[in-house]
Amino acid sequence: MSEDESGEMRDVLEHLQSKGFNGCLICGQHLFGVGPPQEIVFAQQDTAVMPVMCVNCGHVIFVSVLHLRPEGV
């Protein structure tokens, strides 16, 4: 993993924590990995999501990249 990728992962996790994401919903651990953006096809609109996976139990959530934009953008 490059330093840019680890910095982006840290930024995503810090942003999620600022919005109340404080641990895995399944096991309660606080270690996560962030994958590359993925395109999800919905009936109304396609969107990109970032997978966030608990490194302890493997539980995955998908966060819309629209929610990762800085406030006011």
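**Reading a predicted model, one feature at a time**

Tutor: Let's start with His15, which counts as buried because its relative accessibility is 18%, and the cut-off for buried is under 20%. Keep in mind that this is a predicted model.

Student: Okay, where is His15 found, and which residues does His15 touch?

Tutor: You'll find His15 in helix H1. Leaving out residues up to four places away in sequence, His15 touches His67 and Leu68.

Student: How do I read a nonpolar core? Which residues make up the largest one here?

Tutor: The general idea is that in soluble globular proteins, nonpolar side chains tend to be buried together. In this structure, the largest nonpolar core has 12 residues: Met9, Val12, Leu13, Leu16, Phe21, Cys24, Phe32, Val34, Met50, Val52, Cys54 and Val63. H1, S1 and S3 each supply at least two residues of this core. H1 gives the largest share, four residues.

Student: Let's zoom in on Cys24. Where is the place of Cys24, and is Cys24 buried or exposed?

Tutor: Cys24 sits in the loop between H1 and S1. With a relative accessibility of 7%, Cys24 counts as buried.

Student: What does Cys24 touch, not counting residues up to four places away in sequence?

Tutor: Cys24 touches Gln29, Phe32, Cys54, Cys57 and His59 on that basis.

Student: How do I read an aromatic pair, and how many does a search of the whole structure find?

Tutor: A pair of aromatic rings is described by the distance of the centres and the angle of the planes. The search of the whole structure turns up one such pair. Phe21 and Phe32 form this tilted pair, 4.9 Å centre to centre with 50 degrees between the planes. Phe21 lies in the loop between helix H1 (3-18) and strand S1 (32-34), while Phe32 is in strand S1, so the pair ties together parts that are 11 residues apart in sequence. Phe21 is buried, with a relative accessible area of 18%, and Phe32 is buried too, at 15%.

Student: What about the surface? Which residues make a nonpolar patch there?

Tutor: Met53, Val60 and Phe62 make a nonpolar surface patch of about 270 Å². Met53 lies in strand S3, residues 47-54. At 38% relative accessibility, Met53 counts as partly exposed.

Technical notes: Residues numbered from 1 in each chain as written. Predicted model: local features only at pLDDT ≥ 70, side-chain atom pairs only at ≥ 80, totals over all residues. Heavy atoms only, no water. Patch = residues over 30% accessible without salt bridge, like charges linked within 9 Å, V, L, I, M, F, W, Y side chains within 5 Å. Areas by Shrake-Rupley, 256 points an atom, 1.4 Å probe, with all protein chains shown as cover. Salt bridge = Lys/Arg side-chain N within 4 Å of Asp/Glu carboxyl O. Buried < 20%, exposed > 50% of the residue type's maximum accessible area, 1.4 Å probe, protein only. Phe/Tyr/Trp six-rings, centres within 6.5 Å; stacked < 30°, edge-to-face > 60°. Contact = heavy atoms within 4.5 Å. Core = buried A, V, L, I, M, F, W, Y, C linked by side-chain atoms within 4.5 Å.
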